[in-house]
Amino acid sequence: MNGNLYIVTAPSGGGKGTLIKQVLPQIENLSYSVSYTTRKKRVGEIHGNDYFFVEESEFRDLIKKDEFLEYAKVHSNFYGTSKTQVEKELISGNDILLEIDVQGAEEIKHKLPEAIGIFILPPSYEILSQRLVERGTETDDSLKIRLNNAKQEVKRFSEFDFIVVNDELDKAVNDLRSIFLAERLKRDRQTDQIQDILNSFENY
Ligand code: 5GP
């Protein structure tokens, strides 16, 4: 496979969605992996764009058909990454970004150790909690579950290659963008071009 696989993980409400939406159009040949979920659709979300929203029975069928590269139960719903989609993008040379939780990140790193892990940290617990409340998408119960899980999730930052602190949005967008750009400057990602340049030196 040619493309790079990026995992982006953050505690719920950390603003990673906004961050990713801003960065994606700025990076050429970077696709977004649209996950399957059994979670109910939020206002404004689009099937096939944000997620493929499915019933639990359909999700279980997909598990049986081995359609997931990874899947996990997160905050009481199922979420899974489409193996077909990821393979298609990587084979065609595109990079792909997976926005998944810590369990999924662990699974992917195990299967594909070359995957690049990025953890988005909120500036503090207070700010995370405030953002999640202000987003207005969660019930009281779901809010409690998500904030409780966040306490465990942030402890796992050390499993990731890069950390972006999502304090000021413009800076965080720039930081995240820099990771994709720097990865593409790595020697191994430029071998063809380098070879062409070196060949040109052979003529003299
Ligand atoms: P939300 O319900 O807020 O959209 O997402 C809840 C959590 O599920 C987030 O941490 C998100 O990154 C994670 N998530 C979304 N898609 C997937 C997936 O395909 N696999 C896993 N493991 N987690 C996912």
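Here is a short walk through an aspartate, some aromatic rings and a ligand site. The model is predicted, so local features need pLDDT of at least 70 and side-chain atom pairs count only at pLDDT 80 or more, while totals for chains, interfaces and linings use all residues. Residues are numbered from 1 along each chain, and side-chain values use heavy atoms, leaving out hydrogens and water.

Let's start at Asp101, in the loop between β7 (95-99) and α4 (102-111). Asp101 is buried but has no salt bridge, and Arg156, the nearest side chain of opposite charge, is 6.8 Å away. Buried here means under 20% relative accessible area with a 1.4 Å probe, protein chains only, and a salt bridge puts a side-chain nitrogen of Lys or Arg within 4 Å of a carboxyl oxygen of Asp or Glu. What Asp101 does have is contact (heavy atoms within 4.5 Å) with Thr9, Ala72 and Val74, leaving aside neighbours within four places in sequence.

On to the rings: the whole structure holds 10 aromatic pairs. Rings of Phe, Tyr and Trp (its six-membered ring) pair if their centres lie within 6.5 Å, with planes under 30 degrees apart called stacked, over 60 edge-to-face and the rest tilted. Tyr6 and Phe180 make an edge-to-face pair, 4.5 Å centre to centre with 70° between the planes. Tyr6 sits in strand β1 (residues 5-9) and Phe180 in helix α7 (residues 169-184), so this pair ties together parts 174 residues apart in sequence. Both Tyr6 and Phe180 are buried.

Last stop, the ligand: 18 residues surround it, the closest being Ser35, Arg39, Tyr51, Glu70 and Tyr79, where surrounding means a heavy atom within 4 Å. A ligand oxygen is 2.5 Å from an N or O atom in the Tyr79 side chain.

Terms used: Helix = DSSP H or I, 4+ residues; strand = E, 2+ residues; numbered from the N terminus. Buried < 20%, exposed > 50% of the residue type's maximum accessible area, 1.4 Å probe, protein only. Lys, Arg positive; Asp, Glu negative; His and termini not counted. Polar contact = N/O pair within 3.5 Å; in protein donor to acceptor, adjacent residues only side chain to side chain.
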